[in-house]
Amino acid sequence: MRRYEVAVVLAPTLTEEEVDQSIETFQKIAEEKQAQVADVDNWGKRKLAYPINKYTEGIYVILTLEEPAAESVAELERRFKVMESVIRFLTIRVDLDLKRAEKFKSRRQSKKRSPTSTGETDKIQTKSVAVED
Amino acid sequence: MVRRRRYCKFCSDKVDYIDYKDVRTLTPYVPEGSKMTPRRLSGVCSSHQRKLSRAIKRARHLALLSYIPD
C-alpha cells in the first residue's frame, strides 16, 4: 500500500462551506479511484510567505491517501490544475520515508539493548589494564 | 552564526523524518527567509542536511517559507 500526502492551498476567497465542499469532492475523486482517505487535515487560513496569484493568504488542506497505485493522485493532480480555487498543490509519497524512519528507530533500539552493555564492560577492562601498566 | 562545538541537532534529537509541514523546525536553517544555512555553519550531518533541504524546498513551494529574503 502506498501512502500519499496531498497538500492543497485553496484561494482565501472561498467560504467555509465552499472549502468543505471542495474537500468532499477531493475525497470523492480519490475514492472513485480505489484510494482510501486516511486523514483530512484542514489548517484553515494561513498567511502565505509570498503572494500567489495576488493572494496573500491561503487555506491549507492536507489529505492523506492510501492506495495500491498512483491513480487517484494522478487524477487529483489533473483536476487541481483545472480548478481555479486551487492555487498550489504538492503531492508526496510518504510510505517509503516512514518505513525507513521506522527501520532506523528499530535499529537504534536493538543497539541499545545488546551491544552497549558488553561495550561498557570492555571499556572498564581496558581501563584497568592501563592502570596496571 | 558562530559556534564552538557543532553537532547535528537532528541526530541528538533522534529525528528520522523531517516534515515540511513543521515550519518551526525548518526556520532556524533559513535565516530571514534567505538561503539555507550550509552544513559547515549549522553542523547538521549530511544525511539530515539532505532531508532538511528537501523539506525546505517543499515548504517553499507551498509558500510556507519564502524563496527570497524578507
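Biologist: Which helix does B:T25 lie in?

Modeller: B:T25 sits in helix α2 (residues 23–26) of chain B. Helices here are DSSP runs of H or I with at least four residues, strands are E runs of at least two, and both are numbered from the N terminus. Bear in mind that this is a predicted model, where local features need pLDDT of at least 70, side-chain atom pairs count only at pLDDT 80 or more, and totals for chains, interfaces and linings use all residues. Residues are numbered from 1 along each chain as its sequence is written, while chains are lettered from A and ligands numbered from 1 in the order in which they are written.

Biologist: Why does B:T25 count as partly exposed?

Modeller: Buried takes 20 or more other C-beta atoms within 10 Å of the residue's own, exposed takes 12 or fewer, and partly exposed is in between, with C-beta atoms placed from the backbone. B:T25 has 17 such neighbours inside 10 Å, so partly exposed it is.

Biologist: How confident is the predictor in chain B?

Modeller: On pLDDT, its confidence in each residue from 0 to 100, chain B has a mean of 88, and 91% of its residues reach 70 or more. For the complex, the ipTM is 0.78 and the pTM 0.79.

Biologist: Which residues of α2(A) are buried?

Modeller: A:S72, A:V73, A:L76 and A:F80 are. They share one side of α2(A) because they cover an arc of only 95° around the axis, taking directions from the helix axis to the C-beta atoms. The face turned away carries the exposed A:A74, A:R78, A:K81 and A:V82.

Biologist: What makes a nonpolar core, and how many residues has the largest?

Modeller: A core is a set of buried Ala, Val, Leu, Ile, Met, Phe, Trp, Tyr and Cys residues joined through C-beta atoms within 7 Å. The largest has 35 residues, with A:V6, A:V8, A:V9, B:I56 and B:A59 making the most contacts inside it. Its largest share, six residues, comes from β1(A).
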